[in-house]
Amino acid sequence: MRKFCLALVLAAVGLFTASASGNLAVEKVTVKRTWNVSDEAKEYATYDFTPGVNVTVDMPVGNSRLATAVKHWISKVLSADELDLKTAEDMVDAMVTKIKSEDGADQTVDLTITKVYENAKIVTFVVNGYDYPIGAAHGMPYTYGATFRKSDCKEMSERLVNKKAKLNLLIWNGLKKHYKVKSNSKLREYVNYSMKSLPAPTIAPWVVKEGVVFQYGSYEIGPYSSGMPAAVVPVKSLLPYLTKEGRALLK
């Protein structure tokens with residue numbers, strides 16, 4: 001009996017991120033839902049195609065201000081309009097209702113929301129998704145993140161970097177590391193722009209241990225085969241271009 005009780009305690013410790021050090025505790029939850037192909041789309045469906053969603057989320061535990069703020073954001077990611085939902089199951093059910101109410105009901109959605117970084121000032125979550133509509137040549141992947149300031153629980157991704165900052169060279173060098181190339185000509189095999197004409201990502205940046213992530217979407221700066229390139233810029237290199245709030249968080 002003692003061994004059994006000890007095993008339960010150890011399992012509980014492994015399940016949650018320790019909160020004694022001030023970290024945000026999370027519980028990994030997976031929710032799956034499926035439904036039938038619509039009559040209109042049956043001619044496009046393969047024999048094994050089943051519309052549905054498969055969601056895995058690091059759900060914050062407890063009712064702290066930070067946990068509540070992150071849950072609110074997760075609810076917005078999953079269900080868009082219903083922001084007061086408390087459980088992953090309810091959020092995914094709202095997500096399914098929204099999908100089925102639109103023309104895109106005949107699709108599969110695989111999505112993860114993962115806590116990727118945390119320190120004394122911030123915590124960062126990243127969304128990775130892949131939507132595949134019935135009959136499409138390929139699905140559409142997407143990635144974006146959110147960095148929360150612990151002092152007031154605000155989402156900071158849009159407030160980290162000066163909007164007028166010229167980051168072409170820093171992002172260009174980060175893209176070289178992403179594709180593991182050294183020359184500009186080699187990078188141009190993946191990217192449809194020169195360093196000077198490279199547009200800033202439309203996706204807001206977020207913070208990880210290695211620095212600040214500048215993420216491009218599929219097709220944004222290159223063909224589908226180039227994937228979704230991300231440039232990770234070290235904080236030291238980025239300091240002159242951060243906002244006052246960004247410097248306070250990252251210095």
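Predicted model: local features only at pLDDT ≥ 70, side-chain atom pairs only at ≥ 80, totals over all residues.

Student: OK, so is Lys-180 buried or exposed?
Tutor: Lys-180 counts as exposed, because its relative accessibility is 78%.

Student: And where does Lys-180 lie?
Tutor: Lys-180 is in the loop between helix 4 (168-179) and helix 5 (184-187). Helices (H or I, at least four residues) and strands (E, at least two) are DSSP runs, numbered from the N terminus.

Student: What's up with the phi of Lys-180?
Tutor: Phi there is near 60 degrees, a positive value in a residue other than glycine. Tyr-219 has a positive phi too, near 75 degrees. Tyr-219 sits in the loop between strand 7 (211-215) and strand 8 (230-233), and with a relative accessible area of 44% Tyr-219 is partly exposed.

Student: Back to helix 4, which of its residues are buried?
Tutor: Ile-171, Trp-172, Gly-174, Leu-175, Lys-176 and Tyr-179 are buried in helix 4. Their cover includes helix 5, strand 7 and strand 8, where contact means heavy atoms within 4.5 Å.

Student: New topic! How many aromatic pairs does a search of the whole structure find?
Tutor: The search finds six aromatic pairs. Rings of Phe, Tyr and Trp (its six-membered ring) pair if their centres lie within 6.5 Å; planes under 30 degrees apart count as stacked, over 60 as edge-to-face and the rest as tilted. One of the pairs is Trp-73 with Phe-148, which is edge-to-face at 5.8 Å centre to centre and 80 degrees between the planes.

Student: What does the pair of Trp-73 and Phe-148 tie together?
Tutor: Trp-73 lies in helix 2 (residues 65-79) and Phe-148 in strand 5 (residues 140-149), so the pair ties together parts that are 75 residues apart in sequence.

Student: Are those two, Trp-73 and Phe-148, buried or exposed?
Tutor: Trp-73 counts as buried at 12% relative accessibility, and Phe-148 is buried with a relative accessible area of 2%.

Student: Which residues form one aromatic cluster?
Tutor: Trp-73, Phe-125 and Phe-148 form one aromatic cluster.

Notes
Residues numbered from 1 in each chain as written. Heavy atoms only, no water. Buried < 20%, exposed > 50% of the residue type's maximum accessible area, 1.4 Å probe, protein only.
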